[in-house]
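Thank you all for coming; please have the sequence and the model open while I talk.

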Amino acid sequence: MSKGFYHALKINPERCTGCTHCVMECPTGALRIRNGKAFIHPNWCVDCAECMRSCPSEAIYVEQDDFNRIFDYQCRVALVPALFFAQFSKTRSEEEICSALCSIGFTHIVPVELTAGVVAERMRQKIAQAERNPSISPFCPAIARLLQIRFPDLTDNILNVKSPFEASATLFRRELIEQGVDSEQIGMFYVTPCAAKIAEVKGNDNCNGLIQGVLNMDFLYNKVYHIIQSHSAEPSSSTAQMPAPLSTDEMCWSQTGGEARHFAGRTLAIDEIHNVIEFIERTELTGEIQTVDFLELRACDRSCCGGVLAPANRFIASERLDKRAQRHSEQSMLATTTTGQARDSLDNTIDSPPYMPMAKLTYTGGIEEVLRQMNSVRNIMCFLPGIDCGACGSPGCQALAEDIVRGEAHLSNCIFMQRQMEAAGKLSNQSALLIMERVWGKERMEKNCFKKGAKYEGK
Amino acid sequence: MQVSYDIEGGNFTRAGYASSDVKRVLKQLSIDSQVIKRIVIALYEGEVNVVAHAWSGKATVTFDTDKITIVIADRGPGIPDIDRAMQAGYSTASPAVREMGFGAGMGLPNMKKNVDELLIESTVGVGTTVTMITKF
């Protein structure tokens, strides 16, 4: 894990206007504006995509694999989360959506939550064996990273069980091989509602060779929606192989409470990353966190239905998912039936490696050095205005003071300090402008009638 | 480095402000997480004591390279019998305070358990000063 995190969130410098929206929203304070563009501190970013949500210029994007790569394989498997079906209105049947997926090129559709029941069973065993409370769900990769950098002593509490997508990919790949398919000819493509899942797949050595690519849900939704619209008049000609039906509980795994409902004792389900941070900070202090047996923590509001790549409104999608799930059976197919060696061997491969703490440290050096730097920050804070405007390119006065002490910014980046320096004759007008240009880029100072909200916007 | 925090008597929603800030600093100093935990528990109990019993108080925290010194000084009723207050389960908390889930009589014993040194000075009718020292 020493190589650092893989990140799926990227900034397009062509589109970025350096507007600070993302800087102010980032829950881990990982963003800065430098030279007029947003910059992500790679060790502090957890891929929660709050920045992407806040960006008014669509300058932050999630990289994905080229769709045509699926045709490198004879056996083209789409690993589809249940919430993909909830992106469509209730009048679109799962058969219709699956057959559209097949007509764009997939040969097999595998529901991600196929193994959710098995994963839940393994989690239940681990919770029972846990030496200390609370056991924390490993499901949301943005949360696992948040704990690693911000609450490193909770990393031991994360259950070391694979996510359903990884377990399902492992299981289905084995089944295909059992059926005689050449392993090299199996291409598994995971359809993701968020950036963190991509980072999880790409940054995980275990997924090498298991999952061949990741496709963004919004991209695939558009492709499928187009097919359904144009085909709805004529009956489908493609041979959709319908996936094994999920149980109600499996369908709802990615919903808020979808994991917590499986376990006994005191369980809590908390969604949205700021809520999660607030909850942990408070209950760690009072000790109440230890009275909880199981914590389901998700970075997005309404969990995965609120994923940054899920196109439908999160409230509507989550209601649709519940409704679709109610039409499914109470019984899990996989948990109640045995489907061969592949199923049996799943139990042996369902554990995941432990999570390592990767504390976000603002300062470097020994205690003496860090104390010296902290004192410097406190001294600098005496001068900064304390209004957290972000005009310096850092998320607030405290962050600017820390950046200054780390040698990454200057006191004169603060526009209030500049004014005082100018008034005291310590800074010329010209130098002040040059400093502004270094943070904001040259164009920022020029008149531009095409920018957002200006009179020729969009022309 | 020395940091001071005001503590307001009777305001339970704000109890914990000093301890969460101290925790943030200790994390940055890369102190062992078990040691941090114990220091923070002790300071939190101290904050709650001021909130539950006193009128107002101040926590002054000094960070040195080898230790942390916490002084919590309050203006309040004082402790008439410190030995008894140190006994687990002994509490003079009002029913209202107990109603809120505090006042189990574990405050001072918990503080003593979690720090290297604990010193209590108190004058009835004037106030109490608790000093806690933990070596890193």
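This is a predicted model: local features need pLDDT of at least 70, side-chain atom pairs count only at pLDDT 80 or more; totals for chains, interfaces and linings use all residues.

Residues are numbered from 1 along each chain as its sequence is written, chains are lettered from A in the order in which they are written, and side-chain values use heavy atoms, without hydrogens or water.

Helix α10 of chain A covers residues 273–286. Its buried residues (under 20% relative accessible area, 1.4 Å probe, protein chains only) include A:Ile273, A:Phe279 and A:Glu284. The buried residues of α10(A) pack against elements of chain A, among them α5 (141–150) and β10 (267–271), and also against α1 (17–28) and α2 (33–53) of chain B. Just after α10(A), A:Gly287 takes a positive phi of about 85°.

Turning to chain B, the axes of α2(B) and α5(B), residues 107–114, come within 8 Å and cross at roughly 155°. That makes α2(B) roughly antiparallel to α5(B), a term for angles over 145 degrees. Among the residues of α2(B) that meet α5(B) are B:Arg38, B:Ile41 and B:Glu45, and by class the contact has 5 nonpolar, 5 polar and 3 charged residues.

Finally, where is A:Thr362 found? A:Thr362 is in the loop between α13 (341–349) and α14 (367–381) of chain A, and at 7% relative accessibility it counts as buried. Leaving aside neighbours within four places in sequence, A:Thr362 is in contact (heavy atoms within 4.5 Å) with A:Glu402, A:Arg406 and B:Gln28.

Notes
Helices (H or I, at least four residues) and strands (E, at least two) are DSSP runs, numbered from the N terminus. The expected span of a helix is 1.5 Å times one less than its number of residues. Buried means under 20% relative accessible area, exposed over 50%, partly exposed in between (1.4 Å probe, protein chains only). Axes are lines fitted to C-alpha atoms, for helices over the stretch in contact, and angles run from 0 to 180 degrees between N-to-C directions. Angles under 35 degrees count as roughly parallel, over 145 as roughly antiparallel, 65 to 115 as roughly perpendicular and the rest as oblique. Ala, Val, Leu, Ile, Met, Phe, Trp, Tyr, Cys and Pro count as nonpolar, Asp, Glu, Lys and Arg as charged, and the others, Gly among them, as polar.
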